[in-house]
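Trainee: Could you take me through this model feature by feature, giving the general idea before the particular case?

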Amino acid sequence: MIVVAGEALIDLVPSESGALAPLAPRRGGGPYNTAVALGRLGSRTAFCSRISTDAFGEALVGGLREAGVDVSSVQRGAEPTTLAVASIAADGSAGYSFYVEGTADRLFSAPDRLPDGTRAVSFGTCSLVLEPGASAYEELMRSASAQGVFTTLDPNIRAGLIPDPDAYRARFKSWLPSVSLLKLSEEDAGWLGGTPREWLASGPSAVVITRGGDGLTAFTRDGGEYSVPGEPVDVVDTIGAGDTVNAALLHGLAARDALSDAGPAGLGADGWGELLRFAAQAAAITCSRAGAEPPYAHELNTF
């Protein structure tokens with residue numbers, strides 16, 4: 001079982017250009033997208049979050065079920081669903097403004113236990129910023145790591161939601177001893193400061209940096225560095241691309257029985273090359289579609 005912990009929200013995506021373009025609601029949130037992508041890839045997956053009982057919340061839970069994701073760890077609340085209004089640049093990159101006050105996902109509380117058979121837990125994005133839920137997710141991250149569970153972190157920085165950048169950067173560093181795999185974009189790496197080698201020295205077994213169309217690079221604690229180019233694709237938008245990478249990495253590590261502290265280093269050059277190419281291909285398919293629509297297993301080369 002791979003557990004994904006974090007927010008589920010609705011992306012309002014413009015259907016054409018212009019400031020007053022009609023907005024189409026799409027299911028989203030970095031952790032939510034990661035869980036759906038894992039389910040579509042065929043990994044046994046559970047989602048751990050708090051989702052509204054409003055119409056958007058029902059649609060979000062329905063999307064998880066459609067992807068085969070276990071929702072027994074989803075808490076429910078009557079508060080409204082978080083909204084993220086997307087803006088799409090000419091190159092397909094997405095920016096967001098958020099409507100988060102009083103929303104259901106912020107009131108998440110850490111569960112007493114993880115689902116049976118949990119081998120990995122994935123964290124990231126807004127859920128680690130917005131209190132009081134952020135402290136609950138942090139508690140879950142630390143407790144999972146203390147139990148020897150493989151943990152992944154994608155900070156997926158949304159700077160507009162972070163009132164004190166320096167405090168967040170310090171908090172990020174405090175998480176690293178509890179993180180097995182750190183994945184982040186080069187833009188997020190620049191915002192956070194530091195280098196992969198510095199982060200590896202603090203705890204993670206591996207760090208993966210995504211560089212958009214230029215590909216991905218993995219750094220491992222034993223000194224390894226492995227890169228692959230991006231997959232050529234006609235980009236519609238980049239919504240969910242990084243979340244798809246998270247899912248592909250977890251799915252591939254599980255397939256190689258590498259969800260352990262020593263697992264990432266044990267892949268070697270061939271294993272990392274195969275895993276990174278798989279992630280790049282999965283992300284490219286997501287970029288070829290509007291909104292966060294990760295691929296199904298049958299659309300990818302078999303891992």
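Trainee: Where is the place of Pro-132?

Mentor: Helices (H or I, at least four residues) and strands (E, at least two) are DSSP runs, numbered from the N terminus, and on that scheme Pro-132 sits in the loop between strand 8 (120–124) and helix 3. The peptide bond that joins Glu-131 and Pro-132 is cis, with omega about 5°. Keep in mind that this is a predicted model, in which local features need pLDDT of at least 70 and side-chain atom pairs count only at pLDDT 80 or more, while totals for chains, interfaces and linings use all residues. Residues are numbered from 1 along each chain as its sequence is written, and side-chain values use heavy atoms, with hydrogens and water left out.

Trainee: Which residue has a positive phi of about 65° although it is not a glycine?

Mentor: That is Thr-125, which lies in the loop between strand 8 and helix 3. To read its surroundings, take buried as under 20% relative accessible area, exposed as over 50% and partly exposed as in between (1.4 Å probe, protein chains only); Thr-125, with a relative accessible area of 5%, is therefore buried. Asn-156 also has a positive phi, of about 45°, without being a glycine; Asn-156 belongs to the loop between strand 9 and helix 4, and its relative accessible area of 12% makes it buried.

Trainee: Which residues of helix 4 are buried, and why are they on the same side?

Mentor: An α-helix has 3.6 residues a turn, so residues three or four places apart point the same way. In helix 4 (residues 165–175) the buried residues are Tyr-168, Phe-172 and Trp-175, and they lie on the same side because they cover an arc of only 60° around the axis, the arc being that of the directions from the helix axis to the C-beta atoms. Asp-166 and Lys-173 are exposed on the face turned away from that buried side. Taking contact as heavy atoms within 4.5 Å, the cover over the buried residues of helix 4 includes helix 3 (133–146), strand 9 (150–154), strand 10 (181–185), helix 5 (186–192) and helix 6 (196–201).

Trainee: How many residues has the largest nonpolar core?

Mentor: A nonpolar core is a set of buried Ala, Val, Leu, Ile, Met, Phe, Trp, Tyr and Cys residues joined through side-chain atoms within 4.5 Å. The largest here has 50 residues, and those with the most contacts inside it are Phe-47, Leu-64, Trp-272 and Leu-276. Helix 9 (residues 268–287) gives the most to this core, with 10 residues. Apart from it lies another core, of 41 residues, among them Val-129, Leu-130, Ala-136 and Val-179.

Trainee: What is Leu-276 in contact with, leaving aside its neighbours within four places in sequence?

Mentor: Its partners on that basis are Val-208, Leu-216, Ala-218, Tyr-226, Ser-227, Val-228 and Leu-249. Leu-276 lies in helix 9 and is buried, with a relative accessible area of 0%. Between Leu-276 and Val-228 there are 6.4 Å in space, C-alpha to C-alpha, although the two are 48 residues apart in sequence.

Trainee: At what angle do the axes of helix 7 and helix 9 cross?

Mentor: Axes are lines fitted to C-alpha atoms, for helices over the stretch in contact, and angles run from 0 to 180 degrees between N-to-C directions. The axes of helix 7 (residues 241–255) and helix 9 cross at roughly 145° and come within 8 Å. Residues that meet there include Ala-248 and Leu-249 in helix 7, and Leu-276 and Ala-279 in helix 9.
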